[in-house]
Amino acid sequence: MTVDWLAGLDVDYRTDPAFLATRRLDRSGWEPEGSPSAVVLPTSVEQVQRVLQGASASRTPVVPRGAGTALTGATTAGSGTIVLDLSGMNRIVDIRPADGVAVVEPGVITADLDRAAAGHGLRYAPDPASLELSTIGGNIATNAGGLRCAKYGMTRDSVLGLDVVLADGTLISTGRATLKGVAGYDLTGLFVGSEGTLGVVVGATLRLRPLPPPSATIAAAYPDFATAVAASVALAEARVQPVLAELLDRATLRALAAHGHPIDGDALLIVQLDDGTASTDRALAALTPGSTSIRSTTDPTALLETRRQALPAIEKLGRPLIEDIAVPRSRMADAVRAIEDIAARHDVPICTLAHAGDGNIHPIIVAGRHDAPVPEAAQRAADEIFGLALDLGGTVTAEHGIGVLKQAWLGKELGGPQHALQRQIKALFDPGDILNPGKAL
């Protein structure tokens with residue numbers, strides 16, 4: 001597809017194959033057919049508007065992109081597309097401590113915003129594992145989760161308002177700059193998690209929260225994953241609200257040990273609290289039974305770095321299929337036992353991580369070599385895991401999104417009438433189907 005029309009837009013773009021290759025894939029491992037025709041590098045809202053006006057007129061598919069850390073193929077770009085790389089729009093426009101809000105462009109790195117907020121005694125609560133790489137715009141596109149979701153919620157819970165460029169280049173502002181407001185339909189919530197299929201986020205007003213005092217972080221080792229899951233449930237039954245509750249199974253701990261992060265035990269539960277010693281005492285009482293070791297520290301750096309290194313460690317074992325289901329917390333033990341059975345029946349290695357505080361489980365299937373096709377056994381195991389999630393009253397994706405890898409299961413979760421309604425919403429916002437076509441729905 002020709003993209004000669006880009007030349008008249010006064011916006012930087014690249015068409016050389018080597019550069020296109022750097023923006024063709026994301027972290028999912030899924031490969032589209034062919035390569036994009038161009039990568040556009042806007043630095044202003046007006047440039048984004050001109051690009052989408054031209055794309056709409058020429059019916060050119062546009063793939064919005066941040067850092068490319070998506071895990072479902074949502075930011076992959078194949079033949080006939082242009083990539084709209086928003087990473088250059090990376091200003092923290094304003095931090096207003098008295099209002100508890102920040103105004104940012106989409107290319108701001110998540111961790112950079114959190115650090116900037118900390119200078120005002122505040123925090124940007126969402127913290128996906130890729131927070132040192134991922135952008136705010138990408139987090140909004142996927143409604144990213146992270147370790148602190150147990151207490152502070154998903155990205156959606158911190159988004160107050162958005163500036164969005166629609167498919168035809170129209171700029172709209174949704175939501176508000178106040179902490180409360182219910183005027184009109186919640187279009188802000190609709191754009192969050194839409195994976196770039198409804199509009200391109202070019203600005204965001206985000207909620208900041210007070211930075212808590214130094215917190216307690218507990219590391220409890222257990223003889224097996226099921227016992228660790230039971231401990232996380234006991235934590236909830238003790239009415240302890242952790243900031244995070246991270247579970248790592250034996251296979252993950254072995255991968256971490258080979259990656260230079262040795263940890264005792266066959267399952268590890270990391271719990272962080274930020275509401276005082278009484279809560280810490282209740283947590284220790286709930287977590288101690290069944291544990292093989294337990295310790296508490298006020299310096300969580302090493303423990304949290306170990307957790308964030310889990311995926312890189314697993315990636316060294318082979319090509320990871322990173323699944324992302326959630327089940328009711330009361331059914332987590334059932335889910336874990338079933339995943340272990342699935343791994344054994346299909347003879348595929350599965351490393352399981354979990355955000356135990358909200359029932360979000362990441363069974364990571366090690367599917368052979370990075371440069372080889374995904375084995376059929378691994379794909380069958382993944383399909384069974386998705387079916388398991390629905391059977392237990394859960395979801396096929398808790399925080400990574402649908403992208404291209406989970407589309408077959410979306411209809412099963414939503415049901416026919418709701419799936420059809422969502423397609424109608426897509427057609428309303430993007431009648432020419434140019435925004436990330438073939439993704440999400």
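Author: Start with helix H7 (residues 225–237) and helix H9 (residues 277–287), which pack at an angle of about 140° with their axes 8 Å apart. A helix here is a DSSP run of H or I of at least four residues, numbered from the N terminus. Axes are lines fitted to C-alpha atoms over the stretch in contact, and angles run from 0 to 180 degrees between N-to-C directions. This is a predicted model; local features need pLDDT of at least 70, side-chain atom pairs count only at pLDDT 80 or more, and totals for chains, interfaces and linings use all residues. Residues are numbered from 1 along each chain as its sequence is written, and side-chain values use heavy atoms, with hydrogens and water left out.

H7 brings Ala-231, Ala-234 and Leu-235 to this contact (heavy atoms within 4.5 Å). H9 brings Ala-283, Ala-286 and Leu-287. By class, the contact of H7 with H9 has 6 nonpolar residues, no polar and no charged. Ala, Val, Leu, Ile, Met, Phe, Trp, Tyr, Cys and Pro count as nonpolar, Asp, Glu, Lys and Arg as charged, and the others, Gly among them, as polar.

Now move to H14. Helix H14 spans residues 407–414 and packs with helix H13, residues 376–391. Their angle is about 15°, and their axes lie 11 Å apart. That makes H13 roughly parallel to H14 (an angle under 35 degrees). From H13, the contact takes Asp-383, Phe-386, Gly-387 and Leu-390. From H14, the contact takes Trp-409, Lys-412 and Glu-413. The residues where H13 meets H14 split into 3 nonpolar, 1 polar and 3 charged.

H14 also packs with H15. Helix H15 covers 416–429. The axes of H14 and H15 come within 6 Å and cross at roughly 120°. On the H14 side are Leu-410, Gly-411 and Leu-414. They meet Gly-416, Gln-418, His-419 and Gln-422 in H15. The contact of H14 with H15 holds 2 nonpolar residues, 5 polar and no charged.

H7 with H9: 6 nonpolar, no polar, no charged. H13 with H14: 3 nonpolar, 1 polar, 3 charged. H14 with H15: 2 nonpolar, 5 polar, no charged.

Terms used: Helix = DSSP H or I, 4+ residues; strand = E, 2+ residues; numbered from the N terminus. Parallel < 35°, antiparallel > 145°, perpendicular 65-115°, else oblique.
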